[in-house]
Amino acid sequence: MCAHVLVAEDDEMQAELIRRSLLAEGHTATVVHDGAAALDAARRLKPDLVVLDLMLPVIDGFGVCRVLRGGDAEIPVLMLTARSEEDDVLLGLELGADDYMTKPYSPRELMARIRTVLRRSGRADGVREEPVVRAAGLSVDPVRHEVRCDGVPVECTPAEFQVLLAMAGEPDRVFSRRQLLQVTRGLDRASTERAVDVHIMNLRKKIEADPRRPVRLLTVFGVGYKLSGGRA
């Protein structure tokens, strides 16, 4: 069993650390870096939990929590804050946050808090038994590590799988090569953005009728790549 966690954190290194920790716990994760993107992802993806940094750009964490609680009070929220002032913590809890942690924190403690919030909210058992992500004729199953294209099984390398999982989770979003590199290899391993181009090329051979004229996995020149087709 796993939960789908939305991580809203503007510090990319911190966000990546949280994402890896969640994956190691058996969860799936979507990462965004500002409050507007957090609200959009929460509306579209209906996550089981939101890990929400208070100091987000565009819309801060207080604003995000206020909107979430106004629209869908069922999504648990765990707030992260560099502020230790009592008033800030109390305001976050009054807005409906289920728990909070002050920075700096250990990933191990954060995962323990996440388990507690999920269990307390009733989402720890039976959560997303088959959290299959579907978009553009693809289905990506992070539990079984399976990909299907128009119902036909597709063999993918681990890196290719992570690329599809990320892009299927946010169809029509343009991912830069650097963002996809973080998804496949992380920030602390030796790799190059050229490796991302190779993954995309190989995936097109597997999911496109004509890899030279892709209709699913598209290049956005000067920016990166996107999976076109929307969520199923």
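The questions and answers below concern a predicted model and ask what stands behind the terms used for its parts.

Q: What makes up the secondary structure of the chain, and what share of its residues is buried?
A: The secondary structure of this predicted model comes to 8 helices and 12 strands. Of the 232 residues in the chain, 47% are buried, a word that stands for a relative accessible area under 20%. The chain exposes about 11,400 Å², and carbon and sulfur atoms supply 50% of that area. Among contacts with a separation of 6 or more, 59% are made by residues 24 or more positions apart.

Q: Why is Leu93 called partly exposed?
A: The relative accessibility of Leu93 is 34%, and the term covers values between the limits of 20% for buried and 50% for exposed, so Leu93 counts as partly exposed. Leu93 lies in helix H4, which spans residues 86-94.

Q: What makes the nonpolar surface patch of about 230 Å²?
A: The patch is made by Leu90, Leu93 and Tyr100. Membership calls for over 30% relative accessible area, and the 34% of Leu93 is set against that cut-off.

Q: Why does Pro107 count as partly exposed rather than buried or exposed?
A: Pro107 has a relative accessible area of 28%, and since buried requires under 20% and exposed requires over 50%, Pro107 is therefore partly exposed. The place of Pro107 is in helix H5, residues 107-121.

Q: Which residues are in contact with Pro107, leaving aside its neighbours within four places in sequence?
A: Pro107 is in contact with Leu17 and Ser21, where contact asks for heavy atoms within 4.5 Å. Pro107 and Leu17 are 90 residues apart in sequence, while their C-alpha atoms are 7.7 Å apart in space.

Q: Why are E10 and E11 said to stand at the edges of their sheet?
A: The open sheet of 3 strands has the order E10-E12-E11, with antiparallel pairing. Strand E10 (175-176) and strand E11 (217-220) each have a single partner strand, so one side of each is left without a neighbour in the sheet.

Q: What makes both faces of strand E7 count as covered?
A: In strand E7 (residues 138-141), Leu138 and Val140 on one side and Ser139 and Asp141 on the other are all buried. Side chains in a regular strand alternate between the two faces of the sheet.

Q: How do you know that E7 pairs with E6 and with E8?
A: The requirement is at least two bridges; 3 bridges join strand E6 (residues 133-135) to E7, and 4 bridges join E7 to strand E8 (residues 146-149), so both pairings qualify. Both are antiparallel. Ser139 is the bridge partner of Arg134, and Arg148 in E8 is the bridge partner of Ser139.

Q: Which residues take a positive phi in the two hairpins?
A: In the hairpin of E6 and E7, with 2 residues between the strands, Ala136 has a positive phi near 55°. In the hairpin of E7 and E8, which has 4 residues between the strands, His145 takes a positive phi near 55°.

How values were computed
Residues numbered from 1 in each chain as written. Predicted model: local features only at pLDDT ≥ 70, side-chain atom pairs only at ≥ 80, totals over all residues. Heavy atoms only, no water. Patch = residues over 30% accessible without salt bridge, like charges linked within 9 Å, V, L, I, M, F, W, Y side chains within 5 Å. Areas by Shrake-Rupley, 256 points an atom, 1.4 Å probe, with all protein chains shown as cover. Salt bridge = Lys/Arg side-chain N within 4 Å of Asp/Glu carboxyl O. Buried < 20%, exposed > 50% of the residue type's maximum accessible area, 1.4 Å probe, protein only.
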